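Here are my notes on the two-chain model you passed along.

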Amino acid sequence: MKAFFLRMYDIYRFALRFFQEAFVPPYEYKAIWDQFFEVGIRSLFIISLTGFITGLVFTKQSRSSLAEFGATSWLPSLMAIAIIRALAPLVTALIIAGKVGSNIGAELGSMKVTEQVDAMEVSSTNPFKFLVVSRIIATTCIVPVLASYMGLVGMLGAYLNVHTNEQTGFYLFFQAAFVRISFLDIYVLVFKSAVYGFTIGLAGCYNGYNADQGTVGVGRAANTSVVVSMFLIFIEEMIIVTLVNNYLK
Amino acid sequence: MTVTDHKETVISLRNIRKRFGPLEVLRGVDLDVYKGENLVVLGRSGSGKSVLIKIIAGMLTPDTGSVIVLGEDIRSLGPRELQALRTRIGFSFQSSALYDGMNVRANLEFPLVRNKRHLGRKEIDTAVARVLEDVGLSQTVNQMPSELSGGQKKRIGIARTLILQPEIMLYDEPTAGLDPVTSANINELINKVQEQYNTSSVIITHDLTCAKATGGRVVMLSEGCFLRQGSFEEVFASDDARVKDFYNYNFITTA
């Protein structure tokens, strides 16, 4: 139990150091930009594919239940609510946790155990700012963008299914879809995706930056980054949804 | 390789103690390194050599004692002052510690680009070409670290530190894991760097061949304290069993 609280305190200090370093010049613009590319562009394909399939399959699965009540015309708005409010941010975060979180954990862990982090330090470069701050900023900024993009692609998947079955037009589908979506839903999507992105970056960087015990430590850092990120993302989802439903709606 | 006449001190350690949990690694170490000399710190694995060099570079803080490097008390420096001081110190790691996501050119440019932001592309290219030529590896400029041999990695690691033209070079086990011929080449390179760049060097090693080839002055570290210091011959003229054992086992192993 004592070890758990010591670990929590260590993570708290790590997060605090991020905020201390992130807002103090010199800023690592190039490193941040490189990480935007790594997190964003390199994840586009998998986000597009999973988003499209999620929208398509979710619509297909929901159709039979709604058809029993003759309510298939509600599919566009149902899909919009499901995708924008829940699926897009959650699925995006889980994919990025698996793809980018593990990558950050392994990369920083490897750099740590092969003394590359130390080499950076003795080269008069602040490794925390260069490696950690840039990655956490990138995941925090890019996950909301990817989640929004996945929402759009997911809706296209839903549209394809609806169009195939009901021959609904593109404009009519999206008009019906966004009737039930408010700006609050968009704000919440962006906010919680940013929280998930921060969590993924923090978990990956913390575990990688504190890796030890050689290659075993690197593997453990990658694994722990993913497991902890996913666990925290579900907890955060529950908290944010509860707060939004109780206080903002 | 000899101590300069005027003996200007560039590194001064006094009463350095460092403990990791119950283990006291350094027990009151005093050391002076003079301008222009190559100082070899010899010792067995776990004797505290690497801890000592990391304290000099400001990567570890001693529990007690003072560390003066190039006239600056490292323990009293803030992060920015420490960063500024480190541009004057080169550190060659045992594992070379090349950034494996960057090619040789990017590895060499990294410290330069980050510490001398005013430099233009042409000046950076000139500096990269110069240090690569100094370490004899001009042809590797576009290669990735994974494509280099162990000896080449060491050389590129040294070149990366030389690009900032440091006043002090710290070598952590420069010949560890290398074959005798490559080790001899690295020893030559260490001497060449000292002559060409007029650096003061601290060489941490357990390799007696390296110590003999590079060290103007040798100190022997055992159980956190210095046993002997002087020239290579003076150190190993000792009757101390620990010194004799180290000498005998080292050459038996090498043979």
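Predicted model: local features only at pLDDT ≥ 70, side-chain atom pairs only at ≥ 80, totals over all residues.

1. Start with the six-stranded sheet of chain B. It is open, its strands come in the order E6-E7-E8-E3-E9-E10, and the pairing is mixed. E6 and E10 (225-230) of chain B are the edge strands, each pairing on one side only. From one strand to the next, the twist averages 15°.

2. What about its two faces?

3. To get from E7(B) to E8(B), the chain passes through helix H6 (residues 180-197) of chain B, in a right-handed β-α-β crossover.

4. Which helices cover this sheet? H6(B) lies across E3, E7 and E8 of chain B and runs at about 160° to E8(B). As for the facing residues in the sheet, B:Met169 is opposite B:Ser201 of E8(B). Helix H1 (residues 49-56) of chain B packs on the sheet as well, touching E3, E7, E8 and E9 (217-222) of chain B, with its direction at about 155° to that of E8(B).

5. Chain B has another open sheet, made of four strands in the order E2-E1-E4-E5 with antiparallel pairing. E2 (23-34) and E5 (72-73) of chain B are at the edges with a single partner strand each, so one side of each has no neighbour in the sheet. Further in, E1 (residues 9-20) and E4 (residues 64-69) of chain B run antiparallel and share five bridges. One of the residue pairs to look at is B:Ser12 with its bridge partner B:Ile68 in E4(B).

6. On to the contact between the chains: 15 residues of chain B are in contact with 10 residues of chain A. On the chain B side, H2 (79-86), E6 (89-92) and H3 (104-115) each supply at least two residues. The largest share comes from H3(B), with four residues. By class, that side of chain B has nine nonpolar, four polar and two charged residues.

7. The largest nonpolar core holds 125 residues. Which of them touch the most other members? They are A:Met79, B:Val41, B:Ile56, B:Ala159, B:Leu170 and B:Val202. Helix H4 (residues 75-113) of chain A gives the most to this core, at 19 residues. Leaving aside residues up to four places away in sequence, A:Met79 touches A:Gly55, A:Phe58, A:Thr59, A:Met155, A:Ala158 and A:Ala177. As background, nonpolar side chains tend to be buried together in soluble globular proteins.

8. Last, some backbone geometry to check. Most residues other than glycine have a negative phi, and most peptide bonds are trans. What is the peptide bond from A:Pro25 to A:Pro26, cis or trans? It is cis, with omega near 5°. A:Pro26 lies in the loop between H1 (2-22) and H2 (29-39) of chain A.

9. Two non-glycine residues in chain B loops also deserve a look. B:Ser96, in the loop between E6 and H3 of chain B, has a positive phi near 70°. Why does B:Ser96 count as buried? Because B:Ser96 has 25 C-beta neighbours inside 10 Å, and the cut-off is 20 or more. B:Glu173 has a positive phi of about 45° and lies in the loop between E7 and H6 of chain B. With 22 C-beta neighbours inside 10 Å, B:Glu173 counts as buried too.

How values were computed: Residues numbered from 1 in each chain as written. Chains lettered and ligands numbered in written order. Right-handed = clockwise from strand over helix to strand, strands pointing away. Contact = placed C-beta atoms within 7 Å. Nonpolar A, V, L, I, M, F, W, Y, C, P; charged D, E, K, R; others polar. Pairing = 2+ DSSP bridges. Axes fitted to C-alpha atoms, helices over the stretch in contact; angles between N-to-C directions. Core = buried A, V, L, I, M, F, W, Y, C linked by C-beta atoms within 7 Å. Buried ≥ 20, exposed ≤ 12 C-beta atoms within 10 Å, placed from the backbone.
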